[in-house]
Amino acid sequence: MRTVGVEEELLLVDPESGEPQALSAAVLARAARCEQAEQEPVFQKELHNQMVEFATHPQSRMGELAEELVRIRGEAARHAKEAGCAVAALATSPLAVRPSVSIGRRYRWMADQFGIATREQIVCGCHVHVAVDSDEEGVAVLDRIRPWLPVLMALSANSPFWQGRETGYSSYRRRVWLRWPSAGPTELFGPADNYHRRVADMVATGTILDEAMVYFDARLSARYPTVEVRVADVCLHADTAVLVAILVRGLVETAARAWAAGKEPVDHSISLLRLADWQAARSGLTGHLVHPLTMRHASAESVVRDLLEHVGDALADSGDLERARASCAALLRDGNGSQVQREVWERTGSLREVVSSCVRHTQA
């Protein structure tokens, strides 16, 4: 069974005002004192001082992944409290923020190169790594999962506010993220050599610093033998992050089986994929999506149902099908993070209350 790892970025906020706080160094220092026995630190700094990132270990069983996510979120909350702040699984800050770029050569280079796009890029995502057997298999997977990635974004959407304003988007993080010149959907690559040549050519332009700055929606990891899917907002609830991980593994396994059987990928243009991406960011689960196969409007419920059918055999084999069905049904019934945030806003009229609510949900 393929292993899965999850990376989450969390926002550091004032527990009273809800405003983001540039306290990542203090939080990471406290975490480091508790991680001396770890081979690799669980918590790491991010582009901005108002954020921290953590990564789970590779897991085969989703129950164990869920337990680890909840445990590490709890540790993050404890370290943050000791540093005088709180953690919130918010993909963007509802309240206005003046981002503070972290110290380091890489981040200074990004600030100089990309200007305001770097300074404003205070967004939190959820990245899922799934093991692949080879680069050839990995690139074949990338070619075959492309049209389904916007559905994952719709499920995870958790960023309706930006700089104190309602955006009209379910995932405004996505619109901000696409300011990076290397971000977004990709064309079909074919053989793995084509993928590596494309990445090398992108780096050779001098526009980006290195391979790690190739921000494709899904890519081969530069560090691990995995496919890394990067479209999801950080999820308000840990259960939703687990659902995204289940679906990503299902997509990877389904795509790998299709490649092994000689089935060609669907050749949707990047123009259509961008429209599907925009629609998912705009409406999330509250309206229509662009169907991954037909590239026509379809209800969110029908698209989610078809995603589950698409990966159904893989999820049944891993024992995750019923859990995925139940989680999708709950999201469609109760709403994703974006809908939860909007409900609090409509009920209280207070963005501070939105943040406070999300702090509680993060640790639930």
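Predicted model: local features only at pLDDT ≥ 70, side-chain atom pairs only at ≥ 80, totals over all residues.
How many cavities of 30 Å³ or more does the structure hold? There are four. If you are wondering how such spaces are found, rolling a probe the size of a water molecule over the atoms shows where empty space is left.

## The largest pocket

Now let's turn to the pockets. The largest pocket has a volume of about 1,200 Å³, and 45 residues line it. To find its centre in the structure, look for E7, Q44, E53, H129 and R223, which are the lining residues nearest to it.

Which element supplies the largest share of this lining? That is strand 1, with five residues. Several elements each supply at least two residues to the lining of the largest pocket, and they include both strands and helices. The strands are strand 1 (4-13), strand 2 (43-45), strand 3 (51-55), strand 5 (125-131) and strand 9 (226-233). The helices are helix 3 (105-114) and helix 7 (172-177). By class, the lining of the largest pocket has 20 nonpolar, 12 polar and 13 charged residues.

## The second largest pocket

The second largest pocket has a volume of about 340 Å³. It is lined by 19 residues, and those closest to its centre are T254, A255, A258, K263 and H310. Two or more lining residues come from each of helix 5 (135-145), helix 9 (238-260) and helix 12 (312-318).

Helix 9 gives the most to the lining of the second largest pocket, namely five residues. By class, this lining has 11 nonpolar, two polar and six charged residues.

## Two helices side by side

Next, follow helix 6 (residues 149-156) and helix 10 (residues 270-283) in the structure. Their axes come within 8 Å and cross at roughly 10 degrees. Because of this angle, helix 6 counts as roughly parallel to helix 10; the cut-off for that description is an angle under 35 degrees.

Which residues make the contact? On the helix 6 side they are P150, M153 and A154, and on the helix 10 side they are A276, D277, A280 and A281. Of the residues in this contact, six are nonpolar, none are polar and one is charged.

## Salt bridges

How many salt bridges does the count come to? The total is 23. One that you can look up is the salt bridge between R71 and E75, whose closest N and O atoms are 2.8 Å apart.

Both R71 and E75 belong to helix 2 (residues 62-82). Along this helix R71 and E75 are four residues apart, which is about one turn of the helix.

Technical notes
Residues numbered from 1 in each chain as written. Heavy atoms only, no water. 1 Å grid on protein atoms, 1.4 Å probe; cavity = no way out; pocket = protein on both sides within 12 Å on 5 of 7 lines; lining within 4 Å. Points joined across faces, edges and corners; volume = space filled by probe spheres on them. Nonpolar A, V, L, I, M, F, W, Y, C, P; charged D, E, K, R; others polar. Axes fitted to C-alpha atoms, helices over the stretch in contact; angles between N-to-C directions. Parallel < 35°, antiparallel > 145°, perpendicular 65-115°, else oblique. Contact = heavy atoms within 4.5 Å. Salt bridge = Lys/Arg side-chain N within 4 Å of Asp/Glu carboxyl O.
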